[in-house]
Amino acid sequence: MSIAGAQNTAISMLLIAGATSQTLRGRYLSAGFLLGLLCYKPQLAAICFVALALTFDLRVLSGFVFAATFHGILSFFALGPGWLDPWL
């Protein structure tokens, strides 16, 4: 229902569940990348970033930063330099 009603909660939960699964399997970089894909929803991305920074797990944090940077660069080229103001 949430996808049919244009809600993105299911996507967020799938990304978090996938990151948890990847972490349990020892795939830390891909777990961080999945968490970095949460940048479409800045309040979730900020919580994940703070949690990762406090745990000092650089492998997961580097995947997160890579995905967030990729998201930013892709948004810049797709929407132009003024994309950041409405997002914040």
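Mentor: Before we look at anything, one idea: the expected span of a helix is 1.5 Å times one less than its number of residues. Keep in mind that this is a predicted model.

Trainee: Okay, how many residues does helix 1 have, and what distance does it reach?

Mentor: Helix 1 covers residues 9-24, which is 16 residues, and it reaches 23 Å from first C-alpha to last, close to the 22 Å expected.

Trainee: Which residues of helix 1 are buried?

Mentor: Buried means under 20% relative accessible area. In helix 1 that applies to Ser12, Leu15, Gly18, Ala19 and Gln22. Looking down the axis of helix 1, these buried residues fall within an arc of 130 degrees, so they line one face of the helix. On the other side, Met13, Leu14 and Leu24 are exposed.

Trainee: And what covers the buried residues of helix 1?

Mentor: The cover includes helix 2 (28-36) and helix 3 (42-55).

Trainee: Which residues make up the largest nonpolar core?

Mentor: For a core, we look for buried nonpolar residues joined through side-chain atoms within 4.5 Å. The largest one here has 12 residues, among them Leu15 and Ala19, along with Leu35, Leu52 and Phe64. Helices 1, 2, 3 and 4 (58-79) each supply at least two residues of this core.

Trainee: How many helices and strands does the chain have?

Mentor: Five helices and zero strands. Of its 88 residues, 26% count as buried.

Conventions. Residues are numbered from 1 along each chain as its sequence is written. This is a predicted model: local features need pLDDT of at least 70, side-chain atom pairs count only at pLDDT 80 or more; totals for chains, interfaces and linings use all residues. Side-chain values use heavy atoms; hydrogens and water are left out. Helices (H or I, at least four residues) and strands (E, at least two) are DSSP runs, numbered from the N terminus. Buried means under 20% relative accessible area, exposed over 50%, partly exposed in between (1.4 Å probe, protein chains only). The arc is that of the directions from the helix axis to the C-beta atoms. Contact means heavy atoms within 4.5 Å.
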